[in-house]
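Visitor: Please take a close look at one part of this model for me. I would like the place where the two chains meet, and then whatever connects to it.

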Amino acid sequence: MKNLLGFVKKEFFHIFRDYRTLLILFGMPVVQLLVFGFALTNDIKNARIAILDHSKDNITSKLTQKILSSGYFILAQNLDSEAGIEDAFKQGNIKQVLIFEADFAEKIEREGTASMQILADASDPNVAKILTNYTTAIVSDFQRELLADKKLPIEVKTEVRMLYNAEMKSVFMFVPGVITVLLLLISAMMTSISIAREKEMGTMEVLLVSPLKPIQIIIGKVVPYVLLAFVIALVILILGYFVFGVPIRGSLILLLGYSLVYILLSLSLGIFISSVVESQQVAMLISMVALMLPTILLSGFIFPIENMPWPLQWLANVIPAKWFIIVMRGVMLKGIGVQILWKETLILFGMIAFFIALSVRKFKIRLQ
Amino acid sequence: MKTVTENIIEVEMLVKKFGNFTACRDLTFEVKKGEIFGFLGANGAGKTTAIKILCGLWKPTSGKALIGGFDVYTETNKIKKNIGYMSQKFSLYEDLTPVENIRFYGGIYGLSRSLIKEKTALALHELGLEEVKDLHVSAMPLGWKQKLAFTVAMLHEPKIVFLDEPTGGVDPITRRQFWNMIYQAAHRGITIFVTTHYMDEAEYCDRVSIMVDGEIKALDTPDKLKEMYESQTMNEVFLKLARG
């Protein structure tokens, strides 16, 4: 036990003397969270649009008014003819053009139908889609207002409420995601690198020749990173809660417990990686390519898994982060507990057992 | 102290196979207490495998090996407490100071705090490291690292020290100084088991074994070996053996 303490202390020396890594460790959660929280939102506000109004009557101007007052759009310019549309888009500062046909009000009055055209800049398909959706929603709302004084034969009223994230803030999704990515980074990458470093420097040989048991060596290497990862998880949760108002509706203890399970899972991954590589570079490369990329892209952190083709959906199942993100969102946003999340919990524990068993096997083969 | 002829390492018909490949074939030799035993061989001759078995890291496929009286099959823990190990890489933590390195290695061998303190002071004094004791090891010249690594390997006063190419990449003067440290240790009754690429160093050993393709082809004092193979230097002996 005493020699284990000395080991942990030595490991902390390594961590705290490597200023660059330390800066990355503590700087990254803060920067990532701020970037994801403030800059990278999927919500679009103040998109610049142009309007080409061939009619210029009271109805088109009312509709224009309604669209502009929604907060999503800013009128950048009024166009006089179709000829100007191409230029407006090409200059790049306009996302959408609305065109009202001539005699708009009259046609509605007489024929009950008039048309308008929405042109969107689909060089960014996501933005184009979101903006056209906003616009059509506003137009159909306007339509209903026009009809208000007239009797409708039947009417279905829809009332929408967004549960668990009423304002649809993206940061609610990013906080669990950022925790997932960072815990993996610290636990898996840092441990695999630090174990690989001992191999590279030849100190691992000396440790193995010493009376320390392999399990003691592993524990000594891992404990500091468990603590570090846990502190960073706390930092992110606190930042999320106080800066972005991300709620923790479920049990905080449960949330921290799950974080610990996920940290252990990442560590077992890190130990497994270090048992197959001999150098720090390879450890880093494998952690980056085999762990970070899939975790960011396939875990549902940024891109919804439901929209992926089935091979990727299938692949996502073996990515630990996918299950942890489900658990995190469940506990933080929905306030649910183990009785609902038992499947995910079992999968996380199963993965820990799997990777530890694999590492032990690998280690035994080396000893034979 | 017991008699000089006491065997501290006894190896008999030791075999290590990896699949179809035999890394060590029927190794048989013994090393006496306080002896400097040179373990030579070309790269890939099976030296490293043999050392790993003797240190209790790997289990042999068959044969017998007693290290300090302990069996490599069943008593590896006792073996580990009684041996020191130093490799060509010197195995120090570069981002720790000499004192922290000593404290750490002393700690994992379970030395008491006061003993570590005492040993640290002694080591700093003997190696002349007092001025640089707050420097990280990475900033120290290679020769100092080597001496410090040797001191660290001897901290827990092992009966046997395994030195795996301890002088690789070090200049001749420093090598000479290092061998003086080895002599001093041997003088105190510590057995030195050393592998090296430098044939002039082989001459410093009490006895030398030369391994070729997993087998020990020759084992005797340097003088007798030179006589036997009608050579002027150990280098010639080695070349005659290695070329078959």
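Guide: What follows starts at the contact between the chains and then moves into each chain.

This is a predicted model. Begin with the interface. Here 30 residues of chain B are in contact with 27 residues of chain A. The size of an interface is often given as the accessible area lost when the parts come together. Between chain B and chain A that buried area is about 2500 Å². Carbon and sulfur atoms give 61% of this area.

The rule finds one salt bridge across the interface of chain B and chain A. B:Glu100 pairs with A:Arg17, and the closest N and O atoms are 2.6 Å apart. B:Glu100 is itself one of the buried residues of helix 3 of chain B. That helix spans residues 98-108 and is mostly covered, with ten of its eleven residues buried. Among them are B:Pro98, B:Ile102, B:Phe104 and B:Tyr105. After helix 3 of chain B comes B:Gly110, with a positive phi near 75°.

Searching the whole structure gives one cavity of 30 Å³ or more. The volume of the largest cavity is about 90 Å³. Its lining has 13 residues, and those closest to the centre are A:Val206, B:Tyr85, B:Tyr105, B:Val152 and B:Ala153. By class, the lining of the largest cavity holds ten nonpolar and three polar residues, with no charged ones.

Now stay in chain B. Helix 1 (residues 47-54) is also mostly covered, with six of its eight residues buried. Those buried include B:Lys47, B:Ile51 and B:Leu54. Just after helix 1 of chain B, B:Gly56 has a positive phi of about 85°.

Two salt bridges within chain B deserve a look. B:Arg175 and B:Glu201 meet at 3.0 Å, N to O. B:Arg175 belongs to helix 6 (residues 172-187) of chain B and B:Glu201 to helix 7 (residues 199-202) of chain B, 26 residues apart. Both B:Arg175 and B:Glu201 are buried. B:Arg25 pairs with B:Glu215, with the closest N and O atoms 3.7 Å apart. This pair links strand 2 (residues 21-32) to strand 10 (residues 215-220) of chain B, across 190 residues. B:Arg25 is partly exposed at 37% relative accessible area, and B:Glu215 is partly exposed at 31%.

Chain A has its own links. A:Lys66 and A:Glu145 form a salt bridge of 2.9 Å, N to O. A:Lys66 lies in helix 3 (residues 58-68) of chain A and A:Glu145 in helix 6 (residues 125-147) of chain A, so the pair ties together parts 79 residues apart in sequence. A salt-bridge network joins A:Lys10, A:Glu11, A:Glu198 and A:Lys221. Over all chains, the structure holds 23 salt bridges.

A:Ser192 sits in helix 7 (residues 171-201) of chain A. A:Ser192 counts as buried because its relative accessibility is 0%, under the 20% cut-off. Beyond residues up to four places away in sequence, A:Ser192 touches A:Gly270, A:Ile273, A:Ser274, A:Ala283 and A:Ser287. A:Ile271 is found in helix 10 (residues 252-276) of chain A. A:Ile271 is buried too, at 16%. Leaving aside neighbours within four places in sequence, A:Ile271 is in contact with A:Ile195, A:Ile218, A:Val222 and A:Ser359.

Note on methods
Residues numbered from 1 in each chain as written. Chains lettered and ligands numbered in written order. Predicted model: local features only at pLDDT ≥ 70, side-chain atom pairs only at ≥ 80, totals over all residues. Heavy atoms only, no water. Helix = DSSP H or I, 4+ residues; strand = E, 2+ residues; numbered from the N terminus. Buried < 20%, exposed > 50% of the residue type's maximum accessible area, 1.4 Å probe, protein only. Contact = heavy atoms within 4.5 Å. 1 Å grid on protein atoms, 1.4 Å probe; cavity = no way out; pocket = protein on both sides within 12 Å on 5 of 7 lines; lining within 4 Å. Points joined across faces, edges and corners; volume = space filled by probe spheres on them. Nonpolar A, V, L, I, M, F, W, Y, C, P; charged D, E, K, R; others polar. Buried area = accessible area lost by both parts, 1.4 Å probe. Salt bridge = Lys/Arg side-chain N within 4 Å of Asp/Glu carboxyl O.
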